[in-house]
Amino acid sequence: MTSRQQLADAFDRLLQPERFKDYGPNGLQVEGREPVRRIVSGVTASRALIEAAVDAGADAVFVHHGLFWRGQDGRVTGWMKQRLALLLAHDINLFAYHLPLDAHPELGNNAQLGAVLGLQAQARFGEQDLGFLGTRQDGGSFPGAPALADHVGKTLGRTVTLVEGGTGPVSRIAWCTGGAQGYFEAAIAAGAQAFITGEISEPQAHYARECGVSFLACGHHATERYGAPAVAAHVAAALGIEHRFIDIDNPA
């Protein structure tokens with residue numbers, strides 16, 4: 001067992017949220033009971049995840065996408081009321097870390113996605129150094145962008161949207177999880193031959209074809225399934241509490 005404050009302090013020491021300019025509050029978003037014996041991690045603080053955490057007997061939930069974002073409607077109605085009601089009724093703490101969770105060099109979303117895909121980061125790029133740039137861990141290269149897309153799709157278990165930017169082997173690969181399509185130009189400037197992220201918007205297809213750098217959209221949720229459980233498991237082990245990751249499927 002640990003305390004709510006000890007858990008919050010452990011997450012803050014590890015993720016250093018004060019270093020980031022973010023889109024919402026990082027850390028404890030909803031206060032629950034003081035003693036914590038069991039924590040559930042997930043990607044998003046959806047009603048389905050909160051319900052699963054209640055069923056699992058969780059004292060705390062740790063997510064990447066919390067409940068509160070800059071500029072949102074502040075009224076507690078509809079889906080917001082339903083999620084908050086569940087947390088408050090069962091006295092469950094909600095911890096959420098957005099960009100700090102993306103950025104952690106070993107346990108974050110980008111580091112963990114790289115590890116899952118067999119990529120080794122050698123540099124960082126983009127705003128707040130969130131993007132990772134590197135090569136395959138085995139030192140090899142992919143015969144081409146379609147081979148890279150096939151590898152990523154099989155590893156993540158979903159179809160990849162590929163805009164092929166050039167032909168020939170791909171060795172310098174950039175990646176940034178989630179909705180990081182806006183980092184594509186920075187990845188190109190950093191010397192990447194391909195860029196892996198979660199989503200694609202209209203401009204990226206043109207940039208890929210015109211700049212000769214391939215773009216792979218692999219799913220927002222699919223690319224961000226790995227950081228939250230890695231961080232929560234690490235902190236839970238250090239504090240001697242139970243941890244369980246619950247993956248709520250999302251096609252996005």
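Predicted model: local features only at pLDDT ≥ 70, side-chain atom pairs only at ≥ 80, totals over all residues.
**Helix α8**

Now select Gln 204, Ala 205 and Ala 208, the buried residues of α8, which spans residues 202-211. Look down the helix axis. These buried residues fall within an arc of 105°, so they line one face of α8. Show what covers them: the cover includes β9 (161-163), α7 (184-189) and β12 (214-217). Then step just past the end of α8 to Gly 212, where phi is positive, at about 75°.

**Asn 109**

Move to helix α5, residues 109-117, and pick Asn 109. Is Asn 109 buried or exposed? Asn 109 is buried, with a relative accessible area of 0%. Display its side chain. Leaving aside residues up to four places away in sequence, Asn 109 touches several others, including His 64, Leu 101, Thr 177, Thr 223 and Tyr 226.

**The largest pocket**

Next, select Tyr 23, His 98, Leu 99, Leu 130 and Gly 179. Of the 20 residues lining the largest pocket, these lie nearest its centre. The space inside is about 310 Å³. Colour β5 (60-65) and α4 (99-103), the elements that each give two or more residues to the lining. Finish by colouring the lining by type: six residues are nonpolar, eight polar and six charged.

Conventions
Residues numbered from 1 in each chain as written. Heavy atoms only, no water. Helix = DSSP H or I, 4+ residues; strand = E, 2+ residues; numbered from the N terminus. Buried < 20%, exposed > 50% of the residue type's maximum accessible area, 1.4 Å probe, protein only. Contact = heavy atoms within 4.5 Å. 1 Å grid on protein atoms, 1.4 Å probe; cavity = no way out; pocket = protein on both sides within 12 Å on 5 of 7 lines; lining within 4 Å. Points joined across faces, edges and corners; volume = space filled by probe spheres on them. Nonpolar A, V, L, I, M, F, W, Y, C, P; charged D, E, K, R; others polar. Arc of directions from axis to C-beta.
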